[in-house]
Amino acid sequence: MTSEDDQDAPASTLPRRQLGRFLREEREKNGLTIDAAARLVDLSKSALQRLEAGRNQRIRKQDIRALCETYGVKASDTAQAVNLGEQAKVKSWYHAYGGLFNDEFNMYVGLEASARQQIVYHEQVPGLLQTREYARVLISDFYRDSPLDDIERRVELRMRRQILVTRKADPLKLEVLLHESALHRLIGSRRLMADQLRRLSEVGKLPNVTIRISPYEAGMTWGILHGQFVLLGFGTDAMGREIEPPIVFLEGGPSSDVYLEKAAEVRRYDELASAIRQTALGENETRDLMRRVAKEFDRDH
């Protein structure tokens, strides 16, 4: 999942990729081909293709505004699209909660939808594998001042994202390295936890999903508290070349999320995942442990 080091780091590709996804989705909502959209805003087809693919090194504000106007994008979203174009010049980049981007421009959701592979180290059940009830408790606790309909909208979005794992055509290849503490940390009720653990033991049987527990006995990998991380890979083309560079996502809690793009940084997390994998339980042992803990929750309930 790594690529060659680049001594002279280019500007971040993340804002360009997110902008491209947004413009492509808006064009498709309007039923326009690339040819038709390009003609309407006086761009060449190749220029619009590069823009949608996130490969355009020079992004002009007037082009973004013209496209948004053509697609009927509301003013607030047009402003955020223009800001994405401006951010494309920055070499190091992060996305702050409550800052530049709203839910429609959620960077991680866009990357996740495009990924072919995820390697996840987590200390709670990752969103793609959560039950609705588990997700509702976590989301309600985080957005504690939000109205109920907003909470339910967020829960529904998380549930819809899970189709990436369960769809029959080209499902996401998901490897989860789950710390053992996630099995015992009470989220909601004991009945809820039992249901969640049974859900994990079942979804782990899918051919595209691997779930392995990193046990307490493994200690600290590399002697550090490294925290949660996600490695996203985007597959290769017919020539074996990466479609997009891989990304490391570090969830930043209530303040900010961090995205690492440099090859050396991605490689380091790839090596960290490999080290965790070496001390993790096997898939069958993991499934047995999850079922055992689920029964304990049932018995206590």
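Is aspartate 63 buried or exposed? A few friendly notes on this predicted model follow, starting with that residue.

1. **Aspartate 63 and its partner.** Aspartate 63 is buried, its relative accessible area being 13%. Its side chain meets that of arginine 60 in a salt bridge, with N to O at 2.8 Å. Arginine 60, for its part, is partly exposed, with a relative accessible area of 43%. The pair therefore joins a residue under the 20% cut-off for burial to one that falls between the buried and exposed limits.

2. **Confidence.** The protein chain has a mean pLDDT of 86, and 89% of its residues reach 70 or more. Two stretches call for care. Over residues 2-10 pLDDT stays under 50, and the model has 15 contacts beyond four places in sequence for them. Residues 93-102 also stay under 50, and there the model has 30 such contacts. Where pLDDT is low, predicted coordinates should not be read in detail.

3. **Arginine 21 with glutamate 244.** The structure as a whole holds 17 salt bridges. In one of them, the side chains of arginine 21 and glutamate 244 come together at 3.5 Å, N to O. Arginine 21 belongs to helix α1 (residues 14-29), while glutamate 244 sits in the loop between β5 (229-233) and β6 (247-250), so the bridge ties together parts 223 residues apart in sequence. Both residues are buried.

4. **Arginine 161 with glutamate 112.** Here the closest N and O atoms of the salt bridge are 2.7 Å apart. The partners come from helix α8 (residues 148-161) and helix α6 (residues 107-114) respectively, so this pair links parts that are 49 residues apart in sequence. Arginine 161 and glutamate 112 are both buried. Elsewhere, salt bridges with shared partners join Arg17, Arg21 and Glu244 into one network.

5. **Arginine 212, a charge without a salt bridge.** What does the side chain of arginine 212 reach at 3.0 Å? First, its setting: arginine 212 is in strand β4 (residues 209-214). Arginine 212 is buried but has no salt bridge, and glutamate 175, the nearest side chain of opposite charge, is 5.1 Å away. The side chain instead reaches the backbone oxygen of arginine 277 at 3.0 Å. A polar atom of the arginine 212 side chain also lies 3.1 Å from the backbone oxygen of alanine 280. Beyond four places in sequence, the contacts of arginine 212 include Val176, Leu178, Gly282 and Thr286.

6. **The nonpolar cores.** The largest nonpolar core has 40 residues, of which Leu129, Leu183, Leu200, Ile211, Leu232 and Tyr259 touch the most other members. Helix α11 (residues 190-203) gives the most to this core, with six residues. Leucine 129, setting aside residues up to four places away in sequence, touches Gln162, Leu174, Val176, Gln196, Arg199, Leu200, Val203 and Ile211. Another core, of 21 residues, lies apart from this one and has Ala37, Ala38, Val41 and Cys68 among its members.

7. **Proline 171.** This residue is found in the loop between α9 (163-166) and β3 (173-179). Proline 171 is partly exposed, at a relative accessible area of 25%. Past its neighbours within four places in sequence, proline 171 is in contact with Leu164, Val165 and Asn208. Its C-alpha atom is separated by 9.1 Å from that of glutamine 117, which is 54 residues apart from it along the chain.

Notes
Residues numbered from 1 in each chain as written. Predicted model: local features only at pLDDT ≥ 70, side-chain atom pairs only at ≥ 80, totals over all residues. Heavy atoms only, no water. pLDDT = per-residue confidence, 0-100. Contact = heavy atoms within 4.5 Å. Helix = DSSP H or I, 4+ residues; strand = E, 2+ residues; numbered from the N terminus. Buried < 20%, exposed > 50% of the residue type's maximum accessible area, 1.4 Å probe, protein only. Lys, Arg positive; Asp, Glu negative; His and termini not counted. Salt bridge = Lys/Arg side-chain N within 4 Å of Asp/Glu carboxyl O. Polar contact = N/O pair within 3.5 Å; in protein donor to acceptor, adjacent residues only side chain to side chain. Core = buried A, V, L, I, M, F, W, Y, C linked by side-chain atoms within 4.5 Å.
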